[in-house]
Amino acid sequence: MGVFRGVAGDNKPHKHWAHQIAIGIEGRIELLSGKTRYFKRGLLIPAGIAHQLKAASVLCLYIDPTHDLCKTLLPQTVLEKRSVFALDEEESSKYVRCFAQ
């Protein structure tokens, strides 16, 4: 697992080999994936999904899709659907408490 905490610059559409959890430290983040725009506090971006994160103060977790941790940490139905999934506020806050303080 990799962890990034800081200011993410406005970037171009890209994808990762790892699953990504992106959480706004100071509120909602904006993410584009295909033709869909998300404004949420926390998002799970499955591996291989093209996306573009707009500039924001974020906590990003990158999780190896072959690791057993995926079975307990990530909702399997989301990974099977292969689409961006919004995390609820409680779950987003839990990640921030564990990794960003």
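## Strands, a helix and the contacts between them

Strand β3 (residues 29-33) is joined to β4 by five bridges, and the two strands run antiparallel. The model is a predicted one, in which local features need pLDDT of at least 70 and side-chain atom pairs count only at pLDDT 80 or more, while totals for chains, interfaces and linings use all residues. Residues are numbered from 1 along each chain as its sequence is written, and side-chain values use heavy atoms, with hydrogens and water left out. Strands (E, at least two residues) and helices (H or I, at least four) are DSSP runs numbered from the N terminus, and two strands are said to pair if DSSP finds at least two bridges between them.

Strand β2 (residues 19-24) pairs with β5 in the antiparallel sense over four bridges, and here Gln20 stands opposite Ile45. Strand β8 (residues 85-87) is also antiparallel to β5, to which it is joined by three bridges, with Ala86 of β8 opposite Leu43. Which residues of β5 are buried on each of its two faces? Gly42 and Leu44 are buried on one side, and Leu43 and Ile45 are buried on the other, so that both faces of the strand are covered. Here buried means under 20% relative accessible area, exposed means over 50%, and partly exposed lies in between (1.4 Å probe, protein chains only). As a general rule, the side chains in a regular strand alternate between the two faces of the sheet.

Gln20, which lies in strand β2, counts as buried because its relative accessible area is 3%. The side chain of Gln20 also makes a polar contact of 3.1 Å with that of His16; such a contact is a pair of N or O atoms within 3.5 Å, where, within protein, one must be able to donate a hydrogen and the other to accept it, and residues adjacent in sequence count only if both atoms are side-chain atoms.

Helix α3 (residues 89-99) has Ser92, Ser93, Tyr95 and Val96 among its buried residues. Seen down the axis of α3, the buried residues fall within an arc of 160 degrees (taken from the directions from the helix axis to the C-beta atoms), so they line one face of the helix. The face turned away from this buried side carries the exposed residues Glu90, Arg97 and Cys98.

The whole structure holds two salt bridges, a salt bridge being a side-chain nitrogen of Lys or Arg within 4 Å of a carboxyl oxygen of Asp or Glu. One joins the side chains of Glu30 and Arg37 (2.3 Å, N to O). In the other, Glu89 meets Arg41, and the closest N and O atoms are 2.5 Å apart. Since Glu89 lies in helix α3 and Arg41 in the loop between β4 and β5, this pair ties together parts that are 48 residues apart in sequence. Glu89 is partly exposed, with a relative accessible area of 46%, whereas Arg41 counts as buried at 16% relative accessibility.
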